[in-house]
Amino acid sequence: MSLSPRSGATAAALAAPLSRMDVEGFLADGFALKAQLAPFLQVDAAALEALLPQATDQLAALHPGAVQLAFDPADAGRFYEDTVGTAHLIELAAWHLGSADYIADTLRLQERFARGQVLDFGGGIGSHALAAAARPQVEQVWFVDLNPHNRAFVAARAEALGLAAKLRCFRDLDDPALPPQFDTIVCLDVLEHLPDPAAQLESFAGRLTGSGVALLNWYFFKGFRGEYPFHFDDEALVNRFFTTLQQRFLEVFHPYLITTRAYRLQAPT
Ligand SMILES: C[S@@+](CC[C@H](N)C(=O)[O-])C[C@H]1O[C@@H](n2cnc3c(N)ncnc32)[C@H](O)[C@@H]1O
């Protein structure tokens, strides 16, 4: 199911209650998430409440893998760019609101490391990108996501929250407007959606500054009840991913008990 988002939604179109842009603000209301998502999708608050609990199953149902149809990995990009429509916005909203304590720890981790030029790759509904943009240590956030609805929603949220000057949205990393290198790379819950996550790590390694930090997690698993048919779990793909991770990055310890890890580049040997 894909709802019709407002075309060219602007700050004025979205409710913009003043939201604190720190972890406490996220825990309070997801940075005004429901208040912004309902008008963006042109539904009322009650209709949004009804959509949220079904969101994971609705997104899964869009994927050929959910009904055991062949899925060409080369089509993954088209799935996120075209097929999912607004379904991912609703699924991510349900997840960020329903697992707010977990997301809050990833925001605490981001607060610890984010500075300078920040890339949020596959940024979804923008919780991390918006929080980063509000940090004085961050000069600019570059939000990259294949899904045009996600980009439109996050751009409108940034405007409504007074952060538009520090957050710009792009489809992919090849856009020449992006800086060649980033001081911080955030890529959360994205790598398992990519047909070649090892190549994505190589791309990150090439664009991370020498002192930069990458915050990464992954979940190469289709779910205990098959609820994530779009996650890649092929053993050879996962082995290539971990080989590349260990060759190119060195983990930086952090104290949060979450799956997200912090990395610097390995020193050249
Ligand atoms: C599970 S969501 C994670 C969103 C966000 N990082 C979070 O933690 O909530 C995966 C996101 O990656 C995006 N995505 C998938 N493939 C992509 C690609 N090749 N390039 C950029 N974004 C991609 C999807 O559109 C989606 O927004």
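Below is a short chat about a predicted model.

Colleague: What should I know before reading off local features?
Modeller: The model is predicted: local features need pLDDT of at least 70, side-chain atom pairs count only at pLDDT 80 or more, and totals for chains, interfaces and linings use all residues. Residues are numbered from 1 along each chain as its sequence is written.

Colleague: Which residues of the largest nonpolar core touch the most other members?
Modeller: L130 and A133, out of 74 residues. Such a core is a set of buried Ala, Val, Leu, Ile, Met, Phe, Trp, Tyr and Cys residues joined through C-beta atoms within 7 Å. Buried means 20 or more other C-beta atoms within 10 Å of a residue's own, exposed 12 or fewer, partly exposed in between, with C-beta atoms placed from the backbone.

Colleague: And which helix gives the most to this core?
Modeller: Helix 9, residues 148–160, with six residues. Helices are DSSP runs of H or I, at least four residues; strands are E runs of at least two, both numbered from the N terminus.

Colleague: New topic. Which residues of helix 10 are buried?
Modeller: P197, A198, Q200, L201 and F204.

Colleague: What about S99, buried or exposed?
Modeller: S99 is exposed, because it has 10 other C-beta atoms within 10 Å. S99 sits in the loop between helix 6 and helix 7 (100–113).

Colleague: How many Å separate the C-alpha atoms of S99 and N147?
Modeller: 23 Å, with the two residues 48 apart along the chain.
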